[in-house]
Amino acid sequence: MSEFDLIVIGGGPGGYVAAIRAAQLGMNVACVEMRASLGGTCLNVGCIPSKALLESSHHYDEAQHHFAAHGIKAKVELDLAAMMARKDKVVLDLTKGIEGLFKKNKVTYVRGKGSIRGAGEVLVDGGQPLKTKNILIATGSDVATLPGVEIDEKKIVSSTGALVLDKVPEHLAVIGGGVIGLELGSVWRRLGAKVTVVEFLENIGGPMDAEVAKQFQRLLEKQGIAFRLGMKVTAANAKGAGVTLALEPAKGGAKETLNADVVLVSIGRRPYTDGLALDKAGVKLDERGRVAVDKHFQTSVKGIYAIGDVIAGPM
């Protein structure tokens with residue numbers, strides 16, 4: 001049996017930073033991560049790869065449409081495979097960098113899915129229990145799903161699938177006008193796709209300031225993104241070559257359809273507590289499925305703490 005002062009479950013930006021800092025303060029620390037690499041959603045399938053593609057697509061758009069005004073003539077051709085390879089290298093370099101920091105700070109890196117057997121014990125893939133004085137839950141969030149729309153990561157994709165498409169879709173429909181959908185919609189619009197954003201609310205950007213959201217929408221429309229606001233998606237039919245979405249006004253009205261090659265479901269994220277066995281450990285959740293914590297981030301069980309997207313607050 002191994003015994004630690006702290007076991008962190010989750011190797012994302014909350015978990016790996018906590019593990020390193022705790023080790024620097026003299027604790028014997030382990031970090032349990034179920035992915036093949038550290039960095040969580042952010043580094044692997046979130047902020048970092050999306051920003052890498054945003055940068056690349058921006059350069060492509062500039063070369064294709066704006067260089068001539070500066071007296072630069074260029075024949076521009078998209079090499080999507082090379083663009084994706086660059087994105088993957090950016091991700092790999094950063095995730096390997098965290099592994100290096102773990103070694104430097106003597107954090108034990110445990111690959112596998114962690115579950116809590118009770119205060120002081122963590123199981124990894126159901127194996128031998130790891131003993132610890134404290135547990136920190138930092139398992140983050142996962143893609144929120146929409147009833148009637150089944151994600152297959154091929155024709156109906158989440159943000160994860162939208163980062164690895166092997167060709168530019170002719171028409172990309174984005175369900176959700178939040179920052180993730182708009183970000184990835186902009187990438188594929190710049191690379192040549194027709195993009196239509198379907199949003200349940202009458203504005204984009206969710207809780208964004210109304211005036212900022214209004215100006216933001218105008219800028220995106222100038223880039224060629226179309227918006228269907230105040231519309232809800234009730235079903236998706238992925239039979240055949242593309243996807244047919246069933247739409248209807250959020251406030252009621254005539255039903256209609258929207259056809260697309262690829263549909264991106266981007267309606268938000270949910271706390272990821274799957275497989276942690278929190279009920280058996282006695283850890284309480286709030287009404288929205290988030291881990292309930294006090295002002296010191298301690299859960300209902302002494303010695304078990306939680307941080308990040310898995311608790312209440314902005315994700």
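Here's a quick tour of this chain, from its overall layout down to a few helix contacts and single residues. The model is a predicted one. The protein chain carries eight helices and 17 strands, and of its 315 residues, 47% count as buried.

**Overall layout**

- Taken along the principal axes, the C-alpha atoms of the protein chain fill a box of roughly 60 × 50 × 40 Å.
- If you look at contacts in the protein chain with a separation of 6 or more, 61% of them come from residues 24 or more positions apart.

**Helix H3 and its two partners**

- Two packed helices are described by the angle between their axes and the distance between the axes.
- Start with helix H3 (residues 47–65) and helix H6 (residues 179–190): their axes come within 9 Å and cross at roughly 35°.
- That crossing of H3 past H6 is left-handed.
- On the H3 side, the contact uses Ser 50, Lys 51, Leu 53, Leu 54, Ser 57, His 58, Tyr 60, Asp 61 and Gln 64, while H6 brings Glu 183, Leu 184, Ser 186, Val 187 and Arg 190.
- Sorted by type, the residues where H3 meets H6 come out as five nonpolar, five polar and four charged.
- H3 also packs against helix H4 (residues 80–104), this time at an angle of about 140° and with the axes 9 Å apart.
- Here H3 passes H4 in a right-handed crossing.
- From H3, the residues involved are Ile 48, Pro 49, Ala 52, Leu 53, Glu 55, Ser 56 and Ser 57; across from them in H4 sit Met 83, Met 84, Arg 86, Lys 87, Val 90, Val 91 and Leu 94.
- The H3 and H4 contact splits into nine nonpolar residues, two polar and three charged.

**Helix H7**

- Helix H7 (residues 210–222) has 13 residues and reaches 19 Å from first C-alpha to last, close to the 18 Å expected at 1.5 Å a residue.
- Its buried residues are Ala 213, Gln 217 and Leu 220.
- Those residues cover an arc of only 65° around the axis, so they end up on the same side of H7.
- Among what covers the buried residues of H7 are H6 and strand E11 (226–229).

- Most residues other than glycine have a negative phi.
- Glu 153 isn't a glycine, yet its phi is positive, at about 60°.
- You'll find Glu 153 in the loop between strand E7 (141–143) and strand E8 (156–157), where it is partly exposed, with a relative accessible area of 35%.
- Ala 277 isn't a glycine either, and it has a positive phi of about 60°.
- Ala 277 sits in the loop between strand E16 (269–271) and helix H8 (278–281); it is partly exposed, with a relative accessible area of 27%.

**Around Ile 307**

- Ile 307 falls in the segment after strand E17 (304–306).
- Leaving aside residues up to four places away in sequence, Ile 307 touches Gly 14, Gly 15, Ala 18, Leu 136, Ile 137, Ala 138 and Phe 297.
- Between the C-alpha atoms of Ile 307 and Val 293, which are 14 residues apart along the chain, the separation is 8.6 Å.

Notes
Residues numbered from 1 in each chain as written. Predicted model: local features only at pLDDT ≥ 70, side-chain atom pairs only at ≥ 80, totals over all residues. Heavy atoms only, no water. Axes fitted to C-alpha atoms, helices over the stretch in contact; angles between N-to-C directions. Helix = DSSP H or I, 4+ residues; strand = E, 2+ residues; numbered from the N terminus. Left-handed = near helix turned anticlockwise from the far one by under 90°. Contact = heavy atoms within 4.5 Å. Nonpolar A, V, L, I, M, F, W, Y, C, P; charged D, E, K, R; others polar. Expected span 1.5 Å × (residues − 1). Buried < 20%, exposed > 50% of the residue type's maximum accessible area, 1.4 Å probe, protein only. Arc of directions from axis to C-beta.
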